[in-house]
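I wrote down what I looked up, together with the cut-offs behind each term.

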Amino acid sequence: MITYLKRGKPEAERSDDDAKVRAIVEGTLKDIEARGDAAVRDLSEKFDGYTPERFRLTDDDVTALMNKVSSRDMEDIEFAQDQVRTFAQHQRNSMVDIEVETMPGVILGHKNIPVQSVGCYVPGGKFPMVASAHMSVATADVAGVPRIIACTPPFKGEPNPAVIAAMKLGGAHEIYVLGGIQAVGAMAIGTETIDPVHMLVGPGNAFVAEAKRQLFGRVGIDLFAGPTETMVIADEQGADAELCATDLLGQAEHGYNSPAVLLTNSEKLARDTLEEIDRLLGMLPTAETARKSWEDYGEVIVCDTYDEMLAVADDVASEHVQVMTDRDDWFLENMTCYGALFLGARTNVANGDKVIGTNHTLPTKKAGRYTGGLWVGKYLKTHSYQKVLTDEAAALMGEYCSRLCMLEGFVGHAEQANVRVRRYGGRNVPYGEAAEPKMAAE
């Protein structure tokens with residue numbers, strides 16, 4: 001039996017992608033396309049109160065800002081990027097080009113080619129999201145993307161030095177202090193001073209997410225992202241109320257609409273966690289945001305069995321899933337729908353968000369049912385190729401191709417095959433007819 005001790009808002013009320021947001025984004029993107037830099041400047045003034053002489057930072061600007069970052073903070077940024085780069089490089093090494101001879105004289109293969117330009121959006125209006133620069137920029141650099149541009153909004157009216165340092169160390173070739181729809185639109189559409197990119201990546205608010213959705217097709221995107229989500233799967237053997245409550249509120253502070261779910265087979269642990277959440281909200285500096293998120297979107301679900309817990313977890317398909325049970329590896333082996341797993345009480349979602357090395361740009365709103373998160377492979381396109389090396393192979397492939405084309409009624413296609421049967425097989429195939437098997441023709 002599955003029991004809800006606490007429910008969040010109904011699913012229908014959770015969407016940020018409403019008609020108002022869609023209309024605002026659509027109009028804004030049209031304005032950027034029509035007026036270019038002038039529109040971007042107006043939007044930056046309107047939404048960020050920021051209208052510098054230029055939005056792109058020069059090398060001297062970047063150096064001056066990096067000099068404002070303390071040596072300890074710089075060391076921490078470099079440590080985090082090392083972890084992200086190391087894991088991304090191992091992932092890249094697992095993706096190999098192949099070339100195989102599938103039959104005598106027929107060579108098939110594929111190559112993994114980097115996207116040629118990427119726009120990385122790094123949020124920073126409310127919190128300076130230093131870690132997002134590692135996840136998008138540094139991973140693109142490992143993939144070998146030859147042009148990486150990065151945009152971040154001003155923080156309290158100025159470029160944030162730590163975010164700019166992370167972008168530069170990550171490998172960004174162009175850095176712009178530009179936020180919101182205007183940043184995403186400028187990178188995808190292009191302006192007089194910003195050449196458009198082939199792909200957009202990075203998280204953002206509802207307007208940024210909607211802009212990416214509307215621009216998808218014109219450019220590629222990493223994924224459709226909504227508010228941060230977290231699920232804690234726990235039993236009495238793996239966790240206590242303090243751990244559960246801390247991990248839930250640690251993600252609820254992201255925003256007023258960040259779902260946080262406790263899934264357990266212990267009603268005692270569930271009720272203790274509810275009490276602990278109330279206690280911690282009395283001390284947490286970000287409690288105003290976390291409390292609103294927990295009140296509206298927090299859930300506590302009690303199941304009778306681990307199989308029920310597994311079924312609920314896969315149905316929710318949460319972005320972050322913290323597993324603290326006596327069978328963590330069982331969940332790793334059996335779960336199929338999620339963004340990322342964090343296994344055991346010694347780890348936590350903040351590790352993944354900031355430092356441990358896995359990418360924190362992850363699927364939300366049940367998208368974990370059909371996609372994983374951002375990783376080095378997202379920046380690579382796998383392209384196939386074919387070579388036919390011998391006359392015998394060309395004639396044999398042509399014969400089969402001819403008949404299969406005629407089966408579908410594509411006479412012109414069939415002639416592409418027939419001309420090669422004639423030329424390389426020395427056989428007289430009447431124009432517009434299917435090639436007979438070689439033995440029958442003889």
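**The sheet with strands 9 and 12**

I began with strand 9 (residues 230-234) and strand 12 (residues 320-324), which run parallel and are joined by five bridges; strands are DSSP runs of E with at least two residues, helices are runs of H or I with at least four, both numbered from the N terminus, and two strands pair if DSSP finds at least two bridges between them. The model is a predicted one, in which local features need pLDDT of at least 70 and side-chain atom pairs count only at pLDDT 80 or more, while totals for chains, interfaces and linings use all residues. Residues are numbered from 1 along each chain as its sequence is written, and side-chain values use heavy atoms, with hydrogens and water left out.

Within this pairing I found Met231 opposite Val321 of strand 12. I then traced the open sheet of six strands, whose order is 1-11-10-9-12-13 with mixed pairing. Strand 1 (2-6) and strand 13 (340-343) stand at its edges with a single partner strand each, so one side of each has no neighbour in the sheet. On average, neighbouring strands here are turned by 20° against each other, direction ignored.

**Helix 9 and Cys244**

Helix 9 lies across strand 9, strand 10 (260-264) and strand 12, and runs at about 170° to strand 9; axes are lines fitted to C-alpha atoms, for helices over the stretch in contact, and angles run from 0 to 180 degrees between N-to-C directions. I looked up Cys244, which is found in this helix (residues 241-252). Cys244 is buried at a relative accessible area of 0%, where buried means under 20%, exposed over 50% and partly exposed in between (1.4 Å probe, protein chains only). Leaving aside neighbours within four places in sequence, Cys244 is in contact (heavy atoms within 4.5 Å) with residues including Val232, Ala234, Leu262 and Met324.

Is strand 5 enclosed or open to the outside? Five of the five residues of strand 5 (residues 148-152) are buried, so the strand is largely enclosed by the rest of the structure. I noted Ile148, Ala150 and Thr152 on one side and Ile149 and Cys151 on the other, all of them buried.

Strand 4 (residues 118-121) pairs with strand 5 in the parallel sense over four bridges, and Cys120 stands opposite Ala150. Four bridges also join strand 5 to strand 6 (residues 174-177), again in parallel, with Thr152 opposite Val177. From strand 5 the chain crosses through helix 6 (residues 161-170) to strand 6 in a right-handed β-α-β crossover, meaning that, with the strands pointing away from the viewer, the path from the first strand over the helix to the second runs clockwise.

**Aromatic rings**

I found four aromatic pairs, counted where ring centres of Phe, Tyr and Trp (its six-membered ring) lie within 6.5 Å, with planes under 30 degrees apart called stacked, over 60 edge-to-face and the rest tilted. One is edge-to-face because the rings of Phe216 and Phe224 have their centres 5.9 Å apart and their planes at 85°. Phe216 is partly exposed at 49% relative accessibility, and Phe224 is partly exposed at 35%.
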